[in-house]
Structures are given as structure tokens and as C-alpha cells.
Amino acid sequence: MFAVVGLVLGGGGLVAVNAGANASDSGKQQASTGAVACPAVEGRLTNVPAGARAEVDRSLELMRQQVREADARMPSVKGGTAEVSNIVLGPLASKRAAVLERIEIAVERTGAERPRDLQSLAVCRVAGQAGAPAAAEDGGEQGAGESQSQGGQEQGGQEQGDGGQDGTGQDGQDQGSRQERQDGGQDGGNGPVPEDFVDITTVAPNVERPRRNQDASNGSFQSRCGVNEQGQFNSDNVIVAPGVDNGAHHTHDYVGAEGVDAFTTDESLAVSRTTCTNGDQSTYYWPVLRDRDGVQESDAAQPGGGADGNVGRILTPATVQLKFVGSPRTKVEAMPRFLRIITGDARANANGGANANARWSCTGFESRVELTDKYPICPQGSKVVRIAKFQSCWDGRNTDSANHRDHVAFADRQGNCPDGFRAVPQLVQRVTYNGLAGSTSFALDSFPEAFHKPVTDHGDFINAMSDELMEKAVNCINTGRRCG
């Protein structure tokens with residue numbers, strides 16, 4: 001779709017101003033004051049259909065954020081042409097290409113003609129260098145990103161995070177990403193690619209367990225809620241995009257409260273029926289896993305399904321375990337009813353991985369090996385495993401926050417919560433699948449620009465346990481019992 005730009009930099013070095021480019025509210029181009037200059041996108045988007053306008057606007061906002069982050073990264077780059085291309089411009093081009101494709105899909109979905117030649121706008125250059133645009137991009141330079149990622153810590157110009165680098169340290173600009181754009185991957189450029197899989201028997205042990213002290217809460221509490229055998233699916237996300245149909249652009253499995261969708265409220269959760277045997281009315285949902293080996297699902301042409309690049313047969317889990325565990329350092333207290341927690345990042349491959357929290361393994365290997373940026377190739381007799389460990393520290397005040405993350409936090413490697421946060425039961429969600437031993441034809445649902453990368457796995461949870469049930473869970477955990 002695009003070629004990574006090569007630059008000619010005088011003296012093999014780079015001096016850059018760390019300032020973001022600006023765009024006027026009227027949408028007119030303004031000159032870049034930053035290190036990175038990108039082609040204008042909005043000028044190519046004439047007569048955007050009303051049905052695609054919101055999606056296009058969100059995509060342009062995301063592109064603004066991407067360029068601002070690239071600007072901020074430039075001063076830390078040591079070296080010349082190759083370093084700038086590898087660390088800043090290459091990853092930026094990859095991110096922009098993905099978002100531009102999303103704009104194309106959004107417009108085409110309304111029945112309008114797909115915009116032409118948008119991919120030619122993916123490549124940016126250093127401001128002031130030969131070939132750089134003379135004006136800043138009016139639709140892609142500044143603003144809050146749609147994903148609401150908290151961002152990563154930048155070291156040497158590369159964002160660091162929990163597995164969010166797709167195994168290369170280049171924000172998803174790995175060999176697999178380049179290949180899927182050149183030869184179409186397994187699904188016409190939508191991924192995944194062979195490099196996204198690894199034989200788990202070849203991976204060195206990497207699982208660490210925190211040491212527990214005498215004040216640890218060693219018990220556990222389980223809700224048994226089935227495996228979504230009822231087929232509760234939709235492509236909404238009531239936490240991140242309440243009131244928005246197809247807000248996730250990928251399909252979720254649901255267990256727990258029945259009938260959850262984008263329009264679910266605390267009040268409707270409180271009176272919902274549930275698939276959980278203990279009366280837990282919480283909702284637990286995650287992207288479905290599909291067998292992409294030529295068999296289509298009934299949603300092959302629907303939003304969240306084939307219309308968003310999610311194809312193949314949806315796999316029903318073999319098992320779903322929803323276990324709440326304690327802290328290795330202290331007792332836990334009750335989490336408030338209707339607390340919302342998301343873990344992982346559905347756009348981790350493009351966002352640098354700061355919020356990535358994917359864990360993949362195979363039965364028989366879980367105590368030794370967890371993968372973040374690869375799908376496991378499991379040996380015969382072994383099941384594919386997805387593990388989601390949710391945040392276990394709460395700020396003591398809020399059930400949600402603007403980015404859906406700040407009100408909760410992860411404990412550190414020793415199990416200590418940050419200052420001002422309290423330990424609450426930690427949800428550990430474990431989902432397994434039969435029939436995938438030796439397979440490389442499966443993938444999770446994702447946003448179109450996420451290319452079904454394993455690092456984008458994530459989970460969502462709204463606690464709707466009654467106060468009595470939550471008290472029972474806390475007592476079991478704090479007294480070392482195993483309940484449920």
C-alpha cells in the first residue's frame with residue numbers, strides 16, 4: 001500500500017523542533033511548526049456521507065494525535081536517515097495507512113464510492129526537507145486519539161509497554177505488517193500473517209510469580225457463567241462507546257448479564273437475568289476468536305463481522321473461568337457495584353503498547369510460558385488459552401474515568417498498589433479453545449487497523465454483583481478459602 005520514506009539529512013544528523021503542527025477549526029491548512037510534515041487528508045475527503053462523518057472525524061482526530069506523538073519523539077532520535085525512518089517515520093506511516101484504510105471502509109460502508117488514493121497520503125517527511133509537504137495536514141496533526149490510550153514511556157525514541165511492540169520495537173512496523181500489505185496476508189491484507197504465530201514448545205519460560213507475605217489474601221472466588229453457548233454477540237462496547245451501534249467494529253462474546261449492548265445502563269444491569277449460576281449480574285465480554293480457514297459466519301457481510309474485516313467461523317470456548325483472587329501483600333476490600341474495568345488495548349499495535357495486556361498460552365504450558373505479541377501454536381492434545389488479568393487497585397472514589405483507566409491501576413511486580421489506591425479482588429479471566437492444536441488459521445476479532453494482531457487482545461468487565469455477593473467474595477478471598 002505504501003513505501004516507507006527515505007530521507008536525505010545533511011551531515012547524517014537531525015535537529016528538530018519539538019512542537020506540534022496546528023490546524024484551524026475551519027479545516028484550512030496551516031504551516032507545520034513541528035518536526036514532521038504530513039500530506040493533507042481532509043482536502044481529499046469531499047462530500048463525506050453523513051453516515052460516515054462521525055467515523056471520519058474520529059479517524060482524523062486519531063491521525064492528529066499520531067503526528068503529535070511523532071513530533072515529540074524526534075528530539076530523542078540519535079543518528080540520521082535510517083534511524084529517523086525506522087524509529088519515527090516508518091511506524092507513523094504504518095499507523096496512518098491503517099487509519100486511512102479505516103476511513104475508506106467507513107465511506108464505502110454507506111454505499112458511496114470508496115475514496116481513491118488515500119494511501120498515498122500515509123508517508124510523512126521531516127519538515128523543511130526535500131519532498132516534505134509545504135503545509136501541515138488539516139485533518140491529521142493534533143487532537144485526542146480515539147483509543148484513549150494513556151501513552152507509553154519513551155526511551156530512545158521507541159515506546160515501551162507490555163508487549164505492544166509486535167515483537168520488533170517498531171510500533172507494529174514489523175516484517176509481518178509489511179508482508180501483509182505487500183502480498184495480502186491471509187485475508188487480502190487484513191492479517192494475521194505467519195510471523196504472528198510461534199511454536200510454544202520453542203519459547204523459553206517467562207512466567208514470574210510475586211512472593212506472598214503474611215498479610216496476603218490467598219483465597220479465590222469464582223462465578224460460573226457458561227461459555228456463551230447461547231451465542232450472545234454484538235459489536236458494541238458499552239464502556240468505551242456507550243450509545244453507539246457497532247462502537248467496537250469487532251464482535252464480542254458475552255457471559256453474565258443477558259442482553260448487554262451499547263445502550264445498557266446500571267439500572268438495566270441491576271435487573272438483568274444472568275447466565276451465572278450464583279446470580280452474578282456482572283457483564284464479562286471479550287473479542288471472539290474465529291477459525292479463518294475458509295468457513296464463513298452468518299455475519300460475513302455485517303458490521304462487526306465481514307464488513308469490518310472479521311471473517312471466519314466464530315469459535316465457542318471450551319471453558320471460561322472467571323476467578324477473583326487476592327493480593328500477595330494485603331487483604332482486599334469490596335469493589336463498588338457498577339465499577340467498569342477494561343484491560344488490554346484493542347489498538348496496541350498502533351498505540352505503542354503502553355496498555356497492552358495480552359496473554360496467550362497452551363494448556364500444559366501456562367505455568368511457564370505466556371505470549372503477548374504472538375499466537376501460540378499448541379502441540380496435539382493441548383488447547384489454546386487466553387488469559388486476561390484485570391487491574392486490582394481502585395482509587396476508592398470512581399466507578400469510571402474519562403479514559404476508562406485512571407480510576408483503576410495494576411499493582412507493581414511485588415503486588416503493591418500505587419499511593420492512594422486500594423486493593424480489590426482481581427478478576428483473572430481464562431478462556432480455552434478446542435481443535436486448534438497445530439493451527440495457524442485462527443485469529444481474534446479486531447478493529448480494521450489492528451490487523452488481528454494477538455497483542456490487541458483485551459477484556460471488559462462491569463461489576464454488577466449484589467453487595468451481598470461481593471461481600472461473600474471478599475470474605476472467601478481474605479480468609480484463604482476457595483469458593484464457587
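Cysteine 417 is partly exposed, with a relative accessible area of 24%; buried means under 20%, exposed over 50% and partly exposed in between (1.4 Å probe, protein chains only). Its disulfide partner is cysteine 393, which is buried at 1%. A disulfide here is a pair of cysteine sulfur atoms within 2.5 Å, and the count comes to five.

The model is predicted: local features need pLDDT of at least 70, side-chain atom pairs count only at pLDDT 80 or more, and totals for chains, interfaces and linings use all residues. Residues are numbered from 1 along each chain as its sequence is written, and side-chain values use heavy atoms, with hydrogens and water left out.

Among the disulfides are these:

| Pair | S to S | Torsion about S-S |
|---|---|---|
| cysteine 38, cysteine 124 | 2.1 Å | 110°, right-handed |
| cysteine 225, cysteine 276 | 2.0 Å | about 95°, right-handed |
| cysteine 393, cysteine 417 | 2.1 Å | -85°, left-handed |

Cysteine 38 is buried at 0%, and cysteine 124 is buried at 2%. Cysteine 225 is buried at 3%, as is cysteine 276 at 6%. With bonded cysteines counted along the chain, the pattern is 1-2, 3-4, 5-6, 7-8, 9-10.

Strands (E, at least two residues) are DSSP runs numbered from the N terminus, and two strands pair if DSSP finds at least two bridges between them. Seven of the eight residues of strand S20 (residues 426-433) are buried, so S20 is largely enclosed by the rest of the structure. Strand S12 (residues 319-325) pairs with S20 in the antiparallel sense over seven bridges, and glutamine 321 has arginine 430 as its bridge partner. Strand S16 (residues 384-389) is joined to S20 by six bridges, also antiparallel, with valine 385 opposite threonine 432.

Key:
Helices (H or I, at least four residues) and strands (E, at least two) are DSSP runs, numbered from the N terminus.
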